[in-house]
Amino acid sequence: MSDKRFLDKAYGIKRDDQALEMYEAWAETYDIEVMDENDYQQPERCAMALEKLLAPGIVPVLDVGCGTGLSGLGLQTHGFEVIDGCDFSAAMLERAEKTKAYRRLFSANLNQPPLDVDDDAYGAATAVGIFSFGHVDADALDEILRVVRAGGFVIIGINQHFYDEGSLVAKITALESAGKIKLLSKEHGAHVPGTGTTGWVFALERI
Ligand SMILES: C[S@@+](CC[C@H](N)C(=O)[O-])C[C@H]1O[C@@H](n2cnc3c(N)ncnc32)[C@H](O)[C@@H]1O
């Protein structure tokens, strides 16, 4: 058992400066609390969703809000070989570096675009557990789509609480109505089973 527990607090965050403070303090024990103690399922679910759409291999994938690297490790396990990651917490990025799953890691606040990345640089992006209260705003999806090539994919894993909040679902609907994306699938399932929290995986195609 870790002595620094944060899962209960994570859904009560209101602003991204509070989120940053929390992840800086959580980095050391995040993997233990989230994965070892509570069986976090979204890295596996999101990697599986991408593998269904894109043959794994050397196509570059951006893991947006990579955290300690659990989501990148999920992609790597499914055969993706070229993975970049970004996050605004230096402490989380330091942990991600240790996984050796990433080609490039860089600092970025997704609520303050642009990312230091060219247009159309990636064949896909994953956003696993980052759209949430006081975390990454739904509008950041515009910037994520900018760095994914047309015909590429964005996979999003979110918790049920933020799904119910509605802003991400509304953003996806608006982008689809504007002809910028196609919603390929939307699946309800496990998020953090140890806490009883379920979640959703969205698969989007950039038009
Ligand atoms: C729940 S963790 C998910 C990390 C990883 N993707 C995973 O699945 O384990 C959320 C991550 O999003 C990052 N994050 C939250 N708000 C952010 C923002 N505005 N810009 C960049 N990263 C952010 C946090 O630092 C944290 O690493």
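Tutor: A residue counts as buried when its relative accessible area is under 20%. By that criterion, 53% of the 207 residues in this predicted model are buried. The protein contains 9 helices and 7 strands. Among contacts with a separation of 6 or more, 68% join residues 24 or more positions apart.

Turning to the aromatic rings, a search of the whole structure finds 7 pairs. One of them is formed by Tyr23 and Trp26: the ring centres are 5.5 Å apart and the planes meet at 20°, so this pair is stacked, the limit for that class being under 30 degrees. Both residues belong to helix H2 (residues 16-26), where they are 3 residues apart, about one turn of the helix. Tyr23 and Trp26 are both buried.

A further stacked pair consists of Tyr163 and Phe202, with 6.2 Å from centre to centre and 25° between the planes. Tyr163 is located in helix H8 (residues 160-165) and Phe202 in strand S7 (residues 197-206), so this pair ties together parts that are 39 residues apart in sequence. Tyr163 and Phe202 are likewise buried.

Finally, Tyr23 and Trp26 also belong to a cluster, in which ring pairs link them with Phe6 and Tyr30.

Terms used: Residues numbered from 1 in each chain as written. Predicted model: local features only at pLDDT ≥ 70, side-chain atom pairs only at ≥ 80, totals over all residues. Heavy atoms only, no water. Helix = DSSP H or I, 4+ residues; strand = E, 2+ residues; numbered from the N terminus. Buried < 20%, exposed > 50% of the residue type's maximum accessible area, 1.4 Å probe, protein only. Contact = heavy atoms within 4.5 Å. Phe/Tyr/Trp six-rings, centres within 6.5 Å; stacked < 30°, edge-to-face > 60°.
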